[in-house]
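Have the structure open beside you and follow along.

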Amino acid sequence: MNRSCRPRIRAGIVVAALGTVVPVVAAAGELEDRFATANRMYEEGRFAQAASEYEAILQYGLENENLYYNLGNAYFKMADLGPALLNFERAHRLAPGDREIRENLDFARSLLYDRMEIPAPPFPFDVLIRVRRSVSLDTETILFVVLYLIAAGFLSAYLLNEGRSSPKLPLYGLAISLLLCTGVGVSLGAHIHALRTRQFVIILSDAVDVRSGPGPNQTVLFTVHEGLKAEIRTERGDWLQVSLPNGWNGWIPRASAGII
Amino acid sequence: MKRLRRTAGIGVLVLAVAPPTPAADLEALMFADRDQVRLDEEFELTIEVRGADAGDAQAPDLFSLKDVQVLGYPAVNSRYQWIDGHASFTKSFRYTVMADKEGEITIPPVTVRVGDREVTTAGLSIRVAAGRSGGGRAGGRQRSEGGMPEIVRARAEVDKAEVFIGEQLTVHFLILTPREIRGLEILQQPEFPGFWVEEIPQDPDGDIRRVRRDGSSFIEYTVMKRALFPGRTGELVIEPVIFSVTIPRGGSDPPDSMFFESRQTLHRRSDRLTVKVKPLPAARRPEDFRGAVGTFRVSVDAHPRQILVNDAVSFQVVVQGNGNLSTLEPPLVEVPPEIRRYDPRITEALTAGEAGVGGRKTWEFVLVPRVAGRHTIPPVRMTFFDPERAEYRTVRSAPVVITAAPGDLAGDAGLEGAGGGEMVERGRDIHFIKTTRSRLRDRSRPLYRHPATVLALLLPAAGNVGLFLFLRHRRQATANRHLIRRRRAWRRARWRLENAERDLAAGPAGVFDFVAGAVTGFVADKFDLPPSSLTGEQVSALLTGAGVPAPLVRELRACLEACDAARFGRDRGAIEPRGLMDRVRRSLARIERHL
């Protein structure tokens, strides 16, 4: 390659890099402006327009719990319970510890048509599950990293003190921090695995017949209504096999539900 | 006399032979049963097709002809002939028609479809004289012998010639006759392309009245009425209706008419009407306008209004008024989100009369409150276009309050929660939105996949591995230094003894220091200890502990004591240094083999 070409190539790379970075920065400002506009529409009671604006922001590929939360609120005010619950669930997935999101979600769930009794897990599993569900994936990641760093620090101290008279303190610290780190790590791994392998949907149609197979000619097993949450077991074409918390399962059209 | 003239007229055929057509074996003719007619006189117009395939000819559409009215469907006649060994078919279509204007009228060439071919007649001219009724366009073949002309008219009348899209108009189809009709048949039903049609029922006793038109007295029969709602803008056409009317023949002898009424049947066609349909004004059109045109009012009702949570409430929205209620979209019903609304059951009670179509349409919703409290259903509003005022209007109902009690309903007092300053929940709602701008952070990539997290995990691990390797290396290096010192102990001891021998040439003063240093240095090197810290006892103890034979240890201890005696004792000159050095050299050499 000609040596004189290299500065030009470098300049081209810099320009290309700026070309990708600058629009992102500009888009971030634009998105925040649109978010503020949508919030203003909501405050003025123009819920449909606000929802449309929030949806437009989502088209940029942005995922944010506040955005989903506000969008859920707008749909809720429009009495669209299904989309409202779908967006509250998405917000809750990103920020399970957020109290307002959780309370709005609970309130919207209380309006569901379909009710089913799910037996609560015994003590202390219920507490553990509640604590586990209130911690977000990111918080869990931060906790794991901090514990890992502490364990690494104790390990360093142990190595440096090896052969000296008092190596017990770093050793105990290392053992405790490693124990905690392993516990959090297992939980984090389970969380990530669950996110990757388990998918849930919210029913968006007013009423959906759940059938015994993936097709309109299959037997109707039962009917679910707008807002109900179900887990996807498998999918085939335009049909999803879903299971409910009470164990019932069947097939629904893909278009009748939204994936959380 | 007149009958003779008419009979003679029938015999006069005005033939117009068509020029050769592309279908060489086919020819088409058009002719009338007379060459001169009166304006109010029916006559017959015949289209005849000749040729081998004439049997496939289809009746041409003459309803669009100008200057003549076609009063019914054609009479079809087919004929087969064998002339000079050749077969020939003739198919004729005979229409009853009536001229529309006086003077010379020309009927343009008519095209007849024969299978997949077409054959065209020539045009036809007919002279039309004024009618007997003095220019009125009605009449028939039969004339009363008396002074009163037998005028029979068919008319179509609309109450509005120009309407907005969706606005209601009414069309009446009328028969006007000088005397009561004895029979009526509709030969061609009306068509209303572009209109939504609602039938207006007829009066069972007959819709008959006596009217005066163009100075003459008629009996007016309203044959049918329709309410029309235009579905598109522009000029819409109401197609004519063809009637067959039977009336008593006028001028019969009174004795005969008392027992044998003579009747005649006439064909009449109503006019083709055009209605101009205007679009609705775009200016000031409300956002919630959903196409309703007319005049309406809206009301709501709910029952029961005090219920338990999850009980059903029947909520009725009623729209009453004039307009096309059948196609009316439901009004805007905004239900609070804590109330579930189910699809409505729709009922209609429509009435169609002279004033048009009206009535009431009801949407009955089932509402189920999911939360306890007082739920206010805001006013239901409906926006429509009022064609009379030519403006959009919005009407609203009153709001409705539904009170839902939790659990068992313990009387109305419990519902209100009254008494004693007790706090009562007036309603529930979701939390408000989050409006902080800086919170809009992209969370599409979870933190565990962030490079910083990976670095935070990798760097400490790498640091600890590096630390471990470093410490191990240092330990190994230290261990190697001890080994080297130990291995070099004998060599360093010999070096010190050689130095002592060199010093001996200068004088014996410092020789014993060197010899003692060689012994303690040898032991210190062997055991990696500082040489200055060793005493004779320590040397003995170290060597004994290392498994050196006791005689050798004693010999070396004796050498050390000799050195000490030579350095610090009174008899320092009695010890011969060279011999001591040899003893020390031999002892160290032997000890070296044991360490």
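This is a predicted model: local features need pLDDT of at least 70, side-chain atom pairs count only at pLDDT 80 or more; totals for chains, interfaces and linings use all residues.

**Entry 1: a pair in chain B**

I began with E167(B), which is buried at a relative accessible area of 7%. Which residue does E167(B) form a salt bridge with? I found K160(B), with the closest N and O atoms 3.1 Å apart. K160(B) itself counts as partly exposed, at 23% relative accessibility.

**Entry 2: a pair in helix 9 of chain B**

Next I looked up D582(B) and R585(B), whose side chains meet in a salt bridge at 3.1 Å, N to O. Why are D582(B) and R585(B) separated by about one helical turn? Because they sit three residues apart in helix 9 of chain B, which covers residues 577–594. D582(B) is partly exposed at 29%, and R585(B) is partly exposed at 25%.

**Entry 3: salt bridges in chain A, and the total**

In chain A I picked out E44(A) and R46(A), whose side chains form a salt bridge with an N to O distance of 2.6 Å. R46(A) has 33% relative accessibility and counts as partly exposed. I also came across a network of salt bridges that links E89(A), D106(A), R109(A) and K229(A).

**Entry 4: where the chains meet**

I turned to the interface. The contact involves 53 residues of chain A and 38 residues of chain B. On the chain B side, K434(B), L440(B) and R443(B) lose the most area to chain A, and together they account for 19% of what that side buries. The area buried between the two chains is about 4400 Å², and carbon and sulfur atoms give 58% of it.

For charged pairs across the interface, I counted three salt bridges. One of them joins D429(B) to K77(A), with the closest N and O atoms 2.4 Å apart. The tally of residue pairs in polar contact between chain B and chain A, both at pLDDT 80 or more, came to 12. Which element of chain B gives the most residues to the side that touches chain A? I found helix 4, residues 451–487, with 10 residues. Sorting that side of chain B by residue type, I got 18 nonpolar, 13 charged and seven polar.

**Entry 5: helix 3 of chain A**

K77(A) sent me back to helix 3 of chain A, which runs over residues 65–77. Its 13 residues reach 18 Å from the first C-alpha to the last, close to the 18 Å expected at 1.5 Å a residue. Is helix 3 mostly covered or mostly uncovered? I logged it as mostly covered, with 12 of its 13 residues buried. Among them are E65(A), L67(A), Y68(A), Y69(A), L71(A) and F76(A).

I then looked at the two ends. At the start of the helix, a side-chain oxygen of N64(A) comes to within 2.8 Å of the backbone nitrogen of N66(A). After the helix comes A79(A), which has a positive phi, near 65°.

**Entry 6: W239(A)**

I looked up W239(A) in strand 5 of chain A, residues 239–243. W239(A) is buried, with a relative accessible area of 13%. What is W239(A) in contact with, leaving aside neighbours within four places in sequence? My list includes R211(A), P214(A), P216(A), W251(A), I252(A) and R254(A). For I252(A), 13 residues along the chain from W239(A), I noted a C-alpha separation of 5.6 Å.

**Entry 7**

I closed with overall counts. Chain A has eight helices and seven strands, and 40% of its 260 residues are buried. Chain B has nine helices and 31 strands, and 41% of its 595 residues count as buried. I also checked contacts between residues at least 6 apart in sequence: in chain A, 54% of these join residues at least 24 apart, and in chain B the figure is 69%.

Note on methods:
Residues are numbered from 1 along each chain as its sequence is written. Chains are lettered from A and ligands numbered from 1 in the order in which they are written. Side-chain values use heavy atoms; hydrogens and water are left out. Contact means heavy atoms within 4.5 Å. Buried area is the accessible area (1.4 Å probe) that two parts lose on being put together, summed over both. A salt bridge is a side-chain nitrogen of Lys or Arg within 4 Å of a carboxyl oxygen of Asp or Glu. A polar contact is a pair of N or O atoms within 3.5 Å; within protein, one must be able to donate a hydrogen and the other to accept it, and residues adjacent in sequence count only if both atoms are side-chain atoms. Helices (H or I, at least four residues) and strands (E, at least two) are DSSP runs, numbered from the N terminus. Ala, Val, Leu, Ile, Met, Phe, Trp, Tyr, Cys and Pro count as nonpolar, Asp, Glu, Lys and Arg as charged, and the others, Gly among them, as polar. The expected span of a helix is 1.5 Å times one less than its number of residues. Buried means under 20% relative accessible area, exposed over 50%, partly exposed in between (1.4 Å probe, protein chains only).
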